[in-house]
Amino acid sequence: MLKKIILRLPFIFYFIPYVHLSLAIDYLFDSIVGIFLFLLLTVIIGFYAKMTQQISLLVFGNLINILLSCALILFKSPLVSLYHSSSPFVAAVPLVALFLITQLTGIFWGYILQKEASFNGQN
């Protein structure tokens, strides 16, 4: 039971509005460090989800995070008002797509390395 909880611990990341947090860090520090940091985290979590066979939890976490992002935009959170110029959806939607692409990249590399490990184990 405890091992199952520990394996799911990295998915707490999806309760953080990382799209808006990365944009806020970008705005406050005039750098894209926040975006790169969260891109790196999403690649790692995608890789981890594939290696631990928890893709369904990854999909569920993404849905929660997208709904959280939409709620922040609709309720006009101060976090959203920091960076948008016209519509916050214009800033958030491409970034959500970018984060999903990086997760798919992590899943892809997890798949490749898993196949390579199983291939090397047979020899």
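Is Gly61 buried or exposed? In this predicted model, Gly61 is buried, with a relative accessible area of 6%, where buried denotes under 20% relative accessible area, exposed over 50% and partly exposed in between (1.4 Å probe, protein chains only). Gly61 lies in helix α4; helices (H or I, at least four residues) are DSSP runs numbered from the N terminus. The C-alpha atoms of Gly61 and Phe11 are 6.7 Å apart, although 50 residues separate the two along the chain.

The model is predicted, and local features need pLDDT of at least 70, side-chain atom pairs count only at pLDDT 80 or more, and totals for chains, interfaces and linings use all residues. Residues are numbered from 1 along each chain as its sequence is written, and side-chain values use heavy atoms, with hydrogens and water left out.

Leaving aside residues up to four places away in sequence, Tyr18 is in contact (heavy atoms within 4.5 Å) with Phe13, Phe38, Thr42, Asn62, Asn65, Phe99 and Gln103.

The axes of α2 and α4, as lines fitted to C-alpha atoms over the stretch in contact, with angles from 0 to 180 degrees between N-to-C directions, come within 8 Å and cross at roughly 55°. Helix α2 is therefore oblique to α4, since angles under 35 degrees count as roughly parallel, over 145 as roughly antiparallel, 65 to 115 as roughly perpendicular and the rest as oblique. Tyr18, Val19 and His20 of α2 meet Asn62, Asn65, Ser69, Leu72 and Ile73 of α4.

Conventions:
Helix = DSSP H or I, 4+ residues; strand = E, 2+ residues; numbered from the N terminus.
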